[in-house]
Amino acid sequence: MSARYDITANQGETLNLHLLYTDTNDSAIDLSSYVGEMKVKRTFLGDTNILHLYSGTTIGITSGITGSTGGITGGLFLNRNVGNSGSQTGGILLIAGSTATSFFPTGKHSYDVEIKYIPTGAVTRLIEGRFDVTGETTR
């Protein structure tokens, strides 16, 4: 069962979220054989991504209801530490730069983060919840 955590993001402000994936003994799990993905949508059943972060052979990000990729930074990084300055076994770092978050529509949305074990294709949803976006006045 996935954990539940609600996120509040501000339009135009860098979003950083760090997770630590551990086993039942609180030992960090090596994620070198995994890929990860985070999606934010208006609803769980929605078709349009507000944010899509992914890892793998390339690190990627798309943002906004138009799927913009130009000039935006961020991604989903596995086995990374909270400051993105080195490795940390089991660390999952999610980053959406300020340009990416400026494309977020304000309101209440839904998100989840999943990892896939490459050798078997087994998918685990780690965390899910509400993703609230507050509007930016200064643009």
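Figure 1. Leaving aside neighbours within four places in sequence, N79 is in contact (heavy atoms within 4.5 Å) with I29, D30, L31, S32, G86, S87, Q88, T89, G90 and G91. The model shown here and in the other views is predicted, so that local features need pLDDT of at least 70 and side-chain atom pairs count only at pLDDT 80 or more, whereas totals for chains, interfaces and linings use all residues. Residues are numbered from 1 along each chain as its sequence is written, and side-chain values use heavy atoms, with hydrogens and water left out. N79 belongs to strand β7 (residues 74–80), where strands (E, at least two residues) and helices (H or I, at least four) are DSSP runs numbered from the N terminus. With a relative accessibility of 14%, N79 counts as buried; buried means under 20% relative accessible area, exposed over 50%, and partly exposed in between, for a 1.4 Å probe and protein chains only. The phi angle of N79 is near 55°, a positive value in a residue other than glycine.

**Figure 2. N84 in the loop between β7 and β8.** N84, although not a glycine, has a positive phi of about 60°. The relative accessible area of N84 is 31%, which makes this residue partly exposed.

**Figure 3. Salt bridges around R125.** A salt bridge is a side-chain nitrogen of Lys or Arg within 4 Å of a carboxyl oxygen of Asp or Glu, and a search of the whole structure finds 5 of them. One of these joins the side chains of R125 and D112, with 3.5 Å from N to O; this pair links distant parts of the chain, since R125 is in strand β10 (residues 122–134) and D112 is in strand β9 (residues 107–117), 13 residues apart. R125 also forms a salt bridge with E114, the closest N and O atoms being 3.7 Å apart. Because E114 lies in strand β9 and R125 in strand β10, this pair ties together parts that are 11 residues apart in sequence. In a further salt bridge, the closest N and O atoms of E128 and R125 are 3.4 Å apart.

**Figure 4. The largest nonpolar core and M38.** A nonpolar core is a set of buried Ala, Val, Leu, Ile, Met, Phe, Trp, Tyr and Cys residues joined through side-chain atoms within 4.5 Å. The largest such core holds 29 residues, of which M38, I92, L94 and F131 touch the most other members. At least two residues of this core are supplied by each of β2 (7–10), β3, β4 (34–41), β5 (49–54), β7, β8, β9 and β10, and β10 gives the most, with 4 residues. Not counting residues up to four places away in sequence, M38 touches I7, L51, H52, L53, L76, L94, Y111, D112, V113 and F131.

Figure 5. A search of the whole structure finds 1 cavity of 30 Å³ or more. On a 1 Å grid over the protein atoms alone, a cavity is a set of points where a 1.4 Å probe fits but cannot get out, and lining residues have an atom within 4 Å of a point. Grid points are joined across faces, edges and corners, and a volume is the space filled by probe spheres set on the points. The volume of the largest cavity is about 30 Å³, and its lining consists of I7, L15, L17, M38, L53, L94, I95 and A96. The elements that give two or more residues to this lining are β3 (15–20) and β8 (87–96), with β8 giving the most, 3 residues. By class, the lining has 8 nonpolar, no polar and no charged residues, where Ala, Val, Leu, Ile, Met, Phe, Trp, Tyr, Cys and Pro count as nonpolar, Asp, Glu, Lys and Arg as charged, and the others, Gly among them, as polar.

Terms used:
1 Å grid on protein atoms, 1.4 Å probe; cavity = no way out; pocket = protein on both sides within 12 Å on 5 of 7 lines; lining within 4 Å.
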